[in-house]
Structure formats: structure tokens, C-alpha cells
Amino acid sequence: MTTCAIGVMLPRDIEATRVAEFAVRAEELGFDELWVVEDLGFRGGIAQATAVLALTERIRVGIGILPAGARNAAFAAMELATLAQLFPGRVDAGIGHGMPEWMRSVGAWPQRPLRALEEHVTTVRALLAGGEVGGVRLDATSVPADPPPLLLGVRGPKSLALSGRVAEGTVLAEPVAPEYARAALGQIAASDHRVVAYNVGVVAADGAAARAAARPALAAIGEPDWAPHIAPLPFAAEFAALRARCADGAEFARAMPDEWVAQLALAGTAAEVRARIDELAAAGVHSSVFIPVGDPVAALSSLAAVLE
């Protein structure tokens, strides 16, 4: 039986008119969590989280992630404190470096990214707890009784180690296989540390059809940024060789063996996907988050089969 929370990601490019429908339906179907993303050029994480929290009553909402370089820590603390007060016990705050190319394009990539992230997180935490940093503190009326957990959305070994030292948890971007989760936890090296794992998700009565539908969403994972996700896998060398033979990510995704897709996505029948989520839980994952494929609202109903 699955021992971790099961969530869904609000697609970054969903039509604005369908956000309410997606959020309400996710809660109706019984998902534990809904995660919003903040990618450059799409929608803001705080605004999305606020809307989703106001539209729902129970579901926990995660923000994955807020780039530290894009926000002053005091103002980030003010936003998160407001969410925690208005929607107590329902917010998870993901913070990270952000994609370097995006951050550089807006002049927000720090000279020392690791130090900047550590200072940002420790400052936000201190302010949320009612403390003072550099002469700044939140007014007593704005300090939340239950500050939201801070999770780092990171992947490099030094950043994972930092997460283990300064955060309550870590958000692992897709794909997350059990081997990668174990490797990341080894670098995090912390007890009582929550791990949230994103994975492309497709559930169907025909497992092969589900994996075929998931393939296009895996096109990017052969690129260098995803190397830490693949290195712990038993087929890592074959994976690299196949990507080198393919002209682009789309060809690579089409050429992947079916068994690789099954390990790099939550794709298959409800029973197959439930079993995979259990494997992730056994590897130390506390929350498995589906990234829907295709029509996002329609996908929710099929994904919810794993909850039954």
C-alpha cells in the first residue's frame, strides 16, 4: 500500500480559465497535494498558490520553486507569511537557484549561488519565526503561528547537502527513479527530511499505451542538466550512448526502450504506477507528484485511479 502523499502539478501553460477547474477537480478526486511552478515567462508562483488555496478547502499547495535571486528575502518572507496566516497548514514553500540561463537573462544570477541561496533561506526562515535580520522583522500581526516548511528545489551535490543543513525538505525535479532518490538522500544526509518527487504521469488501462503517451514529455532528459538524475541508474551508460546517436530529444524519446520509460515516468496501468510509487516511498520519497500529460483536467481522472 502506498505510504506517501500523492500530488499533481498545475501545468505552467494551462489556460487561465481552467485553473479553477483543475484545482477544484484535483481536490474532489482526493489528491493530497497540488504543486504550482514558477518558470520565467509563465505565471508567478505566489499568485498561483494564492488562487489555488482560495479555490479549495483541503488540498495542500506547494510552490516549486521560487528562485532566490529573483526576490528580496524580506519580501519573500512577507508573501509566505501571508499565505501561512490565511491558509494555515496548507502551504509548502519551495526555494531554489532557478535555471541559470533564465536568471542570467534578467540579471539575477548571483556570483556565489550556493552562498546566496543559503543566506536567502536562513533569512526567510528567521523572519517567518518572528526574528530580526539586519534590522528588519515582520510586524507581530504578520508572524504566522505555523510557518510554512521551506524546501529546496535543487539537484547538484553541494546544493543537496545545503538542503540537508538548512531546509525541511527537498523538491526533486523529474525524472525521479528510486535510485536517484536514494542518491539524493545520501547527499542530503539529514534525518527527518521530506522529499518531494516530480514525475511525468500517465495512467491508462493499457500500460504500453500509457508509456507511449509519456514518451514526448521525456525528450529533454538526455541533456546535460539532467545527468544527476540518470547517473545512478543501471542503464546510465546505454542511456548516454543512445542520446549521442540521436539527432535531438524527440528522436531520443521515441528510441528509448519501453522499460526505460517505465523507470523514468509514472506511466502504466493503475496497478503498475501504484507499485512504482511504493518503490519511491521505500526509497525515501514522501510525496510523489504527477506531471499530467495531454489535457490536464481530463488527465486528473485517469491519474486518480492510483488513489483507489
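Start by selecting V261: beyond the residues up to four places away in sequence, V261 touches R211, A214, R215, L218 and M256 (contact means heavy atoms within 4.5 Å). You are looking at a predicted model, in which local features need pLDDT of at least 70, side-chain atom pairs count only at pLDDT 80 or more, and totals for chains, interfaces and linings use all residues. Residues are numbered from 1 along each chain as its sequence is written, and side-chain values use heavy atoms, with hydrogens and water left out.

Stay with V261 for a moment. This residue sits in helix α12 (residues 258–264); helices here are DSSP runs of H or I with at least four residues, strands are runs of E with at least two, and both are numbered from the N terminus. With 0% relative accessibility, V261 counts as buried (buried is under 20% relative accessible area, exposed over 50%, partly exposed in between, with a 1.4 Å probe and protein chains only).

Next, bring up helices α2 (residues 45–55) and α3 (residues 73–86), which pack at an angle of about 5 degrees with axes 11 Å apart. The two are therefore roughly parallel, a label for angles under 35 degrees. Show I46, A49, T50 and L53 on α2, and E79, L80 and L83 on α3, to see the contact.

Now move to R90, in the loop between α3 and β4 (91–96). What is the nearest side chain of opposite charge to this buried residue? Select E27, 4.4 Å away; R90 has no salt bridge (a side-chain nitrogen of Lys or Arg within 4 Å of a carboxyl oxygen of Asp or Glu). Contacts of R90 beyond four places in sequence include L53, T56 and I59.

- E33 and R194: their closest N and O atoms are 2.7 Å apart. The pair joins strand β2 (residues 33–36) to strand β7 (residues 194–203), 161 residues apart. E33 is buried at 5% relative accessible area, and R194 is buried at 18%.
- E168 and R125: these side chains meet at 2.6 Å, N to O. E168 lies in the loop between α6 (157–166) and β6 (169–172), and R125 in helix α5 (residues 113–128). E168 is partly exposed at 34%, as is R125 at 27%.

Finish by selecting E33, R60, D92 and R194 together: salt bridges with shared partners join them into one network.

Note on methods. Axes fitted to C-alpha atoms, helices over the stretch in contact; angles between N-to-C directions. Parallel < 35°, antiparallel > 145°, perpendicular 65-115°, else oblique. Lys, Arg positive; Asp, Glu negative; His and termini not counted.
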